[in-house]
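Subject: Handover of a structure

Dear colleague,

Please find the sequence and the structure below.

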Amino acid sequence: MSRIVIVGLNHRTAPVEIRERLAFPAETIGHALRGLVERREISEGVILSTCNRVEVCVLAGEACKGTAAVKEFLSGHHGISGEELNGYLYHYEGEEAVKHLFRVSSSLDSMVLGEPQILGQVKDAYGYAAEFRAIGPILDKFFNKAFSVAKRVRTETKVASSAVSVSYAAVELAKKIFGNLKDKTVMLIGAGEMCELAARHLISAGVKGIMVTNRTFERAVKLAGEFNGTPVRFDEILSHLKMADIILSSTGAPHFILKREDVEEVIRIRKNRPMFFIDMAVPRDIDPDANQIDNVYVYDIDDLNNVIETNLEERQKEAERAEEIVAAEVRAFFRWLEAQQVTPTIVTLRKKFEEIKNAEVAKALSVLGTEDPKTKKVVESLATAILNKVLHPPVAALKKDVDGRDVTELVATVRELFDLPEDGGQTPPPGEPKEGGEIG
Amino acid sequence: MHITLLKVTTLFYLVGALLYLYFIVTLNERGAKLGRMLLLVGVLLHAAGFVARYFVAGYTPITNLFESLSFFAMAIVAVFLLTELRYNLRVLGSFIAPLGFVFSVFSAFQSGEVARLAPALNSYWLPVHVILLFIGDAVFAIAFGAGIMYLLQEKEVKKKRMGAIFKRLPSLDVLDDINYRCLTVGFPLLTLGIITGSIWAEYAWGSYWSWDPKETWSLITWLLYAALLHGRLTVGWRGRKAAILAIIGFCAVLFTFLGVNLLLPGLHSYTSLSG
């Protein structure tokens with residue numbers, strides 16, 4: 001019998017320095033997924049890696065072994081010692097894990113409560129797991145359910161209605177620095193989803209112009225076309241920087257692309273006209289020390305996240321309702337998950353006793369040798385009554401819905417006590433949750 | 001009668017300042033609106049008192065500590081009301097109105113008796129020289145308030161907190177703009193004030209410049225603001241640096257106005273403590 005386990009870290013438990021070391025880039029995620037499910041303890045796995053979190057969700061034979069296996073996998077894959085990692089990691093098992101994923105996909109665990117990107121990122125993670133065949137029937141059901149829960153939360157609460165997000169926070173900050181954005185120019189370096197979103201927000205806030213640069217110039221030209229801006233070659237960033245008031249950056253560069261000296265030089269040329277750098281890249285693109293220069297403001301993804309956390313009281317109320325939805329869905333899903341184990345056991349148990357009863361009734365009737373229908377009926381109903389009365393307590397115990405109880409153990413006990421075969425009763429479980437999530 | 005009028009304005013400034021402070025804490029717009037109303041009534045009563053005293057005394061009443069503190073308070077409140085009109089920046093009042101009140105209350109504790117005018121002051125240059133300087137100083141007081149607000153807000157943005165201050169204070173750009181505008185208005189006033197004083201000195205004392213402490217300190221103040229203006233126009237001193245200089249500049253203004261009178265006796269010692 002297997003259990004769902006999630007091991008991960010997020011913006012609250014680990015700083016960006018750790019998260020950037022533990023991130024799984026899209027290019028290598030296939031390799032990582034294969035390494036994960038190759039492990040003996042793990043039968044299915046999904047890896048979610050965003051700039052705010054890394055979550056490894058697996059289906060493991062035993063919860064504690066699963067947790068240990070995932071931790072081992074993380075430290076092995078990234079070459080970080082287990083002791084160093086332990087302080088940053090959290091883990092959830094069983095019902096807790098179900099709740100965690102539902103909350104993450106519904107954006108209830110996000111830095112910006114209700115921000116919309118996370119659901120797409122969870123769907124991407126699911127997509128990778130499907131592509132590299134790391135996902136199996138249980139996690140498949142689990143993730144699809146998570147998508148439908150997220151959708152429900154979005155439509156039934158106002159958690160995601162107003163645009164409070166990293167990109168929105170960036171606009172708010174820009175307004176506090178520049179006042180009016182009408183005569184300001186934005187430079188977009190790289191093509192992160194969040195940066196593009198922030199650029200769109202800034203455009204609707206009325207900025208004058210936008211420069212777009214990218215390592216591949218064609219991409220810059222294409223994006224500039226979308227934004228009605230000017231493409232700039234990547235090696236000409238420094239010469240164009242003096243024209244930019246707001247710089248949005250999210251490249252995949254492994255080190256800073258703008259050093260403190262670069263920024264000092266530019267701000268001097270600009271005669272100290274303020275510059276606002278928004279660094280959404282992990283690892284970071286802009287030397288955070290540049291924030292110490294007068295009239296230069298550098299915010300990295302963590303800074304924006306911190307800023308927002310203080311600004312979310314209104315959403316908190318809606319979040320409470322969302323939590324209720326999640327809690328109900330968790331219970332429903334967990335019941336389904338338990339039924340996955342309980343129902344076949346009950347079916348096997350009944351089948352076994354039916355067989356014993358039928359054999360014993362036939363034996364008794366042949367000894368009696370009677371053809372009297374009344375006698376036959378009495379014997380038959382006597383056996384059935386005994387069977388039902390004997391079976392009632394174990395079946396009731398299996399079906400009992402108790403929060404936090406470990407049904408796996410109970411099922412194992414019942415199977416052992418009644419000597420049931422391991423894969424009996426292939427009847428599909430009742431009360432299967434309705435398929436609601438869209439994939440992709 | 002006019003003395004009571006002048007002193008009673010202190011109460012208006014006090015309540016106005018309290019309302020502006022109430023506004024910055026609770027963000028209740030009515031606090032700011034009522035505060036502005038009280039400051040406006042206060043400043044009008046103040047002007048009426050000033051005019052009344054002019055007729056009673058027979059000279060422009062800006063000759064002793066009571067009169068000059070009172071006039072300075074009025075100038076600060078009046079310049080603030082004009083700035084608020086221009087920028088629609090209520091929260092500035094939470095910083096400036098208390099400042100106006102402080103000068104007003106300081107004045108209210110001085111003796112308001114009309115004294116005989118010192119013969120040297122009996123000149124048309126008196127109102128020109130002193131009023132130019134006080135209005136200039138009041139403009140610098142606004143820059144001082146904006147400078148403090150700038151430093152607070154800049155710290156908030158640099159430290160990356162979006163807390164209570166962040167929400168309440170305006171954008172850095174607006175605060176820096178106020179700083180600059182105040183400089184472009186205050187600096188010419190200060191310059192003209194010093195020049196007219198110098199001309200008057202030639203008439204009254206026979207020398208354009210005699211290195212009396214007040215003259216020395218106004219030169220220091222002038223040099224500070226000149227440096228700020230120059231740095232601003234040539235190498236782009238702005239933001240934090242400009243805010244700090246505006247604060248230091250206003251401290252120099254205060255020392256030239258009060259410190260010199262109270263500590264360094266010289267030709268200008270008409271406004272020493274009385275009563």
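The following paragraphs set out what was found, beginning with the conventions.

The model is predicted, and for that reason local features need pLDDT of at least 70 and side-chain atom pairs count only at pLDDT 80 or more, while totals for chains, interfaces and linings use all residues. Residues are numbered from 1 along each chain as its sequence is written, and chains are lettered from A and ligands numbered from 1 in the order in which they are written. Helices (H or I, at least four residues) and strands (E, at least two) are DSSP runs, numbered from the N terminus.

The antiparallel sheet of chain A

In chain A, 4 strands form an open antiparallel sheet in the order β2-β3-β1-β4; two strands count as paired if DSSP finds at least two bridges between them. Its edge strands, each pairing on one side only, are β2 and β4 (90–93). Neighbouring strands are turned against each other by 15° on average, direction ignored; such angles are taken between axes, which are lines fitted to C-alpha atoms (for helices over the stretch in contact), and run from 0 to 180 degrees between N-to-C directions.

β2(A) and β3(A) (residues 53–60) run antiparallel and are joined by 7 bridges, with a hairpin of 3 residues leading from β2(A) to β3(A). The bridge partner of A:I42 in β3(A) is A:A60. Strand β1 (residues 3–10) of chain A is joined to β3(A) by 8 bridges, also in the antiparallel sense, and A:I4 stands opposite A:L59 in β3(A).

Of the 8 residues of β2(A) (residues 42–49), 7 are buried, so this strand is largely enclosed by the rest of the structure. A residue is called buried if 20 or more other C-beta atoms lie within 10 Å of its own, exposed if 12 or fewer, and partly exposed in between, with C-beta atoms placed from the backbone.

Helix α2 (residues 29–37) of chain A lies across β2 and β3, at about 150° to β2(A). Helix α5(A) lies across β1, β3 and β4, at about 50° to β1(A). In α5(A) (residues 95–105), 9 of the 11 residues are buried, so this helix too is largely enclosed; among them are A:L101, A:F102 and A:V104. Just after α5(A), A:S107 has a positive phi of about 65°.

The parallel sheet of chain A

A further open sheet of chain A has 6 strands in the order β7-β6-β5-β8-β9-β10, with parallel pairing. β7 (230–233) and β10 (296–300) are its edge strands, and the twist averages 20° from one strand to the next. β8(A) (residues 246–249) and β9(A) (residues 275–279) pair over 4 bridges, where A:S249 has A:D279 as its bridge partner.

Helix α8(A) lies across β8, β9 and β10, at about 165° to β9(A). α8(A) (residues 166–178) also packs with α13(A) (residues 301–309) at about 85°, with the axes 9 Å apart. These two helices are therefore roughly perpendicular, the term for angles of 65 to 115 degrees (under 35 is roughly parallel, over 145 roughly antiparallel, the rest oblique).

The two chains

Chain B has 16 residues in contact with 19 residues of chain A, contact being C-beta atoms, placed from the backbone, within 7 Å. The largest share of this side of chain B, 3 residues, comes from α7(B).

Yours sincerely

How values were computed: Two residues are in contact if their C-beta atoms, placed from the backbone, lie within 7 Å.
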